[in-house]
Amino acid sequence: MSLAGRVAIVTGASRGIGRECVLALAREGCHVVLVAKSTAPQPQLPGSLYTVAAEVEALGAQALPFPLDLRDAERCADCVRAAIERWGRVDILVNNASALWWHSIVDTPLKKYDLITSINTRGAFAMTQACLPHMRRQGFGRVVTMSPPVSSDVRLFDAKTAYNISKMGMTMVALGVAAEGRKFGVSANSLWPATVVESFASINFKLGEPSNWRKATILSDCVVKLACEPDDFTGHMLIDDEYLRARHGYTDGDFVKYRVDPNVEPPRLLAETSAEWSADFKRGDVKKVAQDATGAKTSKL
């Protein structure tokens, strides 16, 4: 399926995974609405909506940078309206933006719980809700949420309960679209990396060693392929490398290009079957990474 002339909305588009998804879609000929809160580069977070928009236009595609806090549902609706006013359609939504919080229930202030659920679950729901009527009307839509498979494995919830509620809630948004969109040519799937992906988040939060990471292009390649899947490929909770193997015939050699350390194939730390991320690995406030890394308590209820 050609994506030329399709219109994509990507949240968290100013850097990292979101930026790679934007550029991959632009290379396929998509016009892209870039959604992010960052409008100017910061010392530890280079890049912004406007620098990525310039990269899109350099590829010959059209870009619409749209500053947006996902907690603002009205602004989410405004974003979709802006896309419709400019191009008359919305074909692809990538719910990528999210907030990280890996701490126990006791060490999770309710204001932090409210923050991550309002950005992650509610933000994905609001953006999807705004896009769906247009996708249904035009008889085509693809929704991809960057979120993990819904799981009952209790090991995965140790010190990550609030985070998993917010992220698995994003997955349920995708499953809901899959259920409701079948008659309208609208499909949806969740997508999750098998291991940590290189980004400013993984660097600033010190999420292990780079030899354990893959490049963000593994996810952007998956997003392009998912956008091209037929209508009936829907309702799946996908792990990136498993999807590429099962659906597109990737072999071990095909994954070498995604290594951050070209000499090391990273372990699959985030795959559902892995229990290597233990409760001892905590992250929350980027300003308190050193405290989290040494196991110090980071917050008070």
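Here is a short chat about a predicted model of a protein.

Q: Hi! How many helices and strands does the protein have?
A: Hello! The secondary structure has nine helices and seven strands. Keep in mind that this is a predicted model.

Q: Noted. What share of the residues is buried?
A: Of the 301 residues in the protein, 54% are buried.

Q: What about contacts between residues at least 6 apart in sequence: what percentage join residues at least 24 apart?
A: That comes to 71% of those contacts.

Q: Switching to pockets. What volume does the second largest pocket have?
A: Its volume is about 220 Å³.

Q: Which residues lie nearest the centre of that second largest pocket?
A: Those are Gly 16, Arg 19, Glu 20, Glu 198 and Phe 200, out of 17 lining residues. Helix H1 (16–27), helix H2 (49–58) and helix H6 (200–204) are the elements that each give two or more residues to the lining.

Q: Nice. How does the lining of the second largest pocket split by class?
A: There are six charged, six polar and five nonpolar residues in the lining.

Q: On to salt bridges, then. How many are there?
A: The count comes to 16 salt bridges.

Q: Which residue does Glu 55 meet in a salt bridge?
A: Glu 55 pairs with Arg 19, at 2.7 Å from N to O. Because Glu 55 sits in helix H2 and Arg 19 in helix H1, the pair ties together parts that are 36 residues apart in sequence.

Q: Are those two side by side with solvent, or how do they count? Start with Glu 55: what is its relative accessibility?
A: Glu 55 has 29% relative accessibility and counts as partly exposed. Arg 19 is also partly exposed, with a relative accessible area of 26%.

Q: And which residue does Arg 268 meet in a salt bridge?
A: Arg 268 meets Asp 241, at 2.8 Å from N to O.

Q: Is Asp 241 buried or exposed?
A: Asp 241 is buried, with a relative accessible area of 4%, whereas Arg 268 is partly exposed at 30%.

Q: Which residues do salt bridges with shared partners join into one network?
A: The network holds Arg 214, Asp 241, Glu 242, Arg 259, Glu 265 and Arg 268.

Key:
Residues are numbered from 1 along each chain as its sequence is written. This is a predicted model: local features need pLDDT of at least 70, side-chain atom pairs count only at pLDDT 80 or more; totals for chains, interfaces and linings use all residues. Side-chain values use heavy atoms; hydrogens and water are left out. Helices (H or I, at least four residues) and strands (E, at least two) are DSSP runs, numbered from the N terminus. Buried means under 20% relative accessible area, exposed over 50%, partly exposed in between (1.4 Å probe, protein chains only). Contact means heavy atoms within 4.5 Å. On a 1 Å grid over the protein atoms alone, a cavity is a set of points where a 1.4 Å probe fits but cannot get out, and a pocket is an open set with protein on both sides within 12 Å along at least five of seven lines; lining residues have an atom within 4 Å of a point. Grid points are joined across faces, edges and corners, and a volume is the space filled by probe spheres set on the points. Ala, Val, Leu, Ile, Met, Phe, Trp, Tyr, Cys and Pro count as nonpolar, Asp, Glu, Lys and Arg as charged, and the others, Gly among them, as polar. A salt bridge is a side-chain nitrogen of Lys or Arg within 4 Å of a carboxyl oxygen of Asp or Glu.
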